[in-house]
Amino acid sequence: MTSRLGRRRIRNGAFGALAITVALLGAAEPAAAHALLVEAIPAEAATLEASPPQLVLRFNSRIEHKLSRATLSLGEDGEPRALTGTADAAPDRFVATLPPLAPGSYVVDWQVLSVDGHRVAGKLRFRIRGPG
Ligand SMILES: [Cu+2]
């Protein structure tokens, strides 16, 4: 039979373990929960010979397609043109069909919503080589 004091000790011990678990989960959350970009096509800083047919951004977790977007600009100061994400893309990808692009330097400005509710944004630059 457990004494009153013994029971209280057990309970405090359980609370202590719970507090440590919560602290560990809290510390691990940011890295584990956001959607992080793991692959881009075209790749960052790529030099291409021809206009790429698609933009593909692959993440390490699911994204909300309806609340994810990207723009494409010709050069750093170019007018940003909205890219329409493919609604039926895989859950971990943002996919957009690209119009035929002239040679030049392009900047993709993207913003996705992770399923954990956090926004993640980034830029991607690539270049299409001109003739000659
Ligand atoms: Cu997050």
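First, the ground rules. Residues are numbered from 1 along each chain as its sequence is written. The model is predicted, so local features need pLDDT of at least 70, side-chain atom pairs count only at pLDDT 80 or more, and totals for chains, interfaces and linings use all residues.

How confident is the predictor? pLDDT is its confidence in each residue, from 0 to 100. The mean pLDDT of this chain is 85. Of its residues, 75% reach 70 or more. One stretch needs care. Over residues 21–29, pLDDT stays under 50. The model has zero contacts beyond four places in sequence for residues 21–29. A contact here means two residues whose C-beta atoms, placed from the backbone, lie within 7 Å. Where pLDDT is low, the predicted coordinates should not be read in detail.

Now the parts list. Helices (H or I, at least four residues) and strands (E, at least two) are DSSP runs, numbered from the N terminus. Along the sequence the pattern is α-β-β-β-β-β-β-β-β.

How do the strands come together? Two strands pair if DSSP finds at least two bridges between them. Strands of a sheet pair through backbone hydrogen bonds, either parallel or antiparallel.

Take the five-stranded sheet. It is open, its order is β2-β8-β7-β4-β5, and the pairing is mixed. Its edge strands are β2 (46–48) and β5 (81–83), each pairing on one side only. From one strand to the next, the twist averages 30°. Angles like this run from 0 to 180 degrees between N-to-C directions, and the axes are lines fitted to C-alpha atoms, for helices over the stretch in contact.

Walk across that sheet with me. β2 and β8 are parallel, with three bridges. Ala46 has Phe126 in β8 as its bridge partner. Next, β8 and β7 are antiparallel, with 10 bridges. There, Val112 stands opposite Val120 in β8. The hairpin of β7 and β8 has five residues between the strands. In that hairpin, Gly117 takes a positive phi near 95°. Then β7 and β4 run antiparallel, joined by six bridges. Thr71 faces Asp109 in β7 as its opposite residue.

On to the three-stranded sheet. This open sheet has the order β1-β3-β6, and its pairing is antiparallel. β1 (37–41) and β6 (93–97) each have a single partner strand, so one side of each is left without a neighbour in the sheet. The twist averages 5° from one strand to the next. Five bridges link β3 and β6. Val56 stands opposite Val95 in β6.

Next, the inside. A residue is buried if 20 or more other C-beta atoms lie within 10 Å of its own, exposed if 12 or fewer, and partly exposed in between, with C-beta atoms placed from the backbone. Buried residues make up 14% of the 132 residues in the chain.

Which residues touch the most other members of the largest nonpolar core? A nonpolar core is a set of buried Ala, Val, Leu, Ile, Met, Phe, Trp, Tyr and Cys residues joined through C-beta atoms within 7 Å. The largest one holds 15 residues, and Ala70, Phe94, Val108, Trp110 and Val112 touch the most other members. Two or more residues come from each of β3 (54–59), β4 (69–74), β7 (104–113) and β8 (119–128). β7 gives the most, with four residues. Look at Trp110. Not counting residues up to four places away in sequence, Trp110 touches Leu57, Ala70, Phe94, Ala121, Gly122 and Leu124.

Is Ser68 buried or exposed? Ser68 is buried, because 21 other C-beta atoms lie within 10 Å. Ser68 sits in the loop between β3 and β4. Beyond four places in sequence, its contacts include Ile63, Gly85, Phe94 and Gln111. Ser68 and Phe94 are 26 residues apart in sequence, yet 7.6 Å apart in space, C-alpha to C-alpha.

Now Pro131, in the segment after β8. Pro131 is exposed, because it has 5 other C-beta atoms within 10 Å. Pro131 and Ala50 are 81 residues apart in sequence and 9.7 Å apart in space, C-alpha to C-alpha.

One last number. Among contacts with a separation of 6 or more, 64% join residues 24 or more positions apart.

Terms used:
pLDDT is the predictor's confidence in each residue, from 0 to 100.
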